Amino acid sequence: MTQETQAIEVEVVEIDGAVPTAKRDPHTEAPAGQPWQGWQGRVRSLDSRWWPLWIFLGVIAIGLLLTVGLVIGVIFVILRILNSLGRALFPDR
């Protein structure tokens, strides 16, 4: 073995029939209250490290919106053509 001191980490399960209380680290625990109360300043501003992802997702969202709009427009034009064709073939209705 080396001359360095070794640290042994032990978990105490029970001492004399009584369970010891666990140590709590105040830095790792959530603050008292609702968990979303600490997010007030962070939700309003986007982290600048994520801007490439937001641009990519924005381009995809715009592409999807344009595609859906184009499909709805084509369906509308087809229905108008069919409606006018129906009026031309059956003028008495």
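A polar contact is a pair of N or O atoms within 3.5 Å, and within protein one of the two must be able to donate a hydrogen and the other to accept it. In this predicted model, such a contact is found at serine 84, whose side chain reaches the backbone oxygen of isoleucine 81 at 2.9 Å. The chain that holds this pair has two helices and zero strands.

**The chain as a whole**
- Of the 93 residues in the chain, buried residues make up 0%.
- The chain exposes about 9,900 Å², and 64% of this area is supplied by carbon and sulfur atoms.

**Two residues of helix α2**
- Serine 84 lies in helix α2, and because its relative accessibility is 43%, serine 84 counts as partly exposed.
- Leucine 85 also belongs to helix α2, which covers residues 51–89, and because its relative accessibility is 46%, leucine 85 likewise counts as partly exposed.
- Both values fall in the class between the cut-offs of under 20% for buried and over 50% for exposed.

**A nonpolar surface patch**
- Leucine 85 is one of the residues that make a nonpolar surface patch of about 960 Å².

Technical notes
Residues numbered from 1 in each chain as written. Predicted model: local features only at pLDDT ≥ 70, side-chain atom pairs only at ≥ 80, totals over all residues. Heavy atoms only, no water. Patch = residues over 30% accessible without salt bridge, like charges linked within 9 Å, V, L, I, M, F, W, Y side chains within 5 Å. Areas by Shrake-Rupley, 256 points an atom, 1.4 Å probe, with all protein chains shown as cover. Salt bridge = Lys/Arg side-chain N within 4 Å of Asp/Glu carboxyl O. Helix = DSSP H or I, 4+ residues; strand = E, 2+ residues; numbered from the N terminus. Buried < 20%, exposed > 50% of the residue type's maximum accessible area, 1.4 Å probe, protein only.
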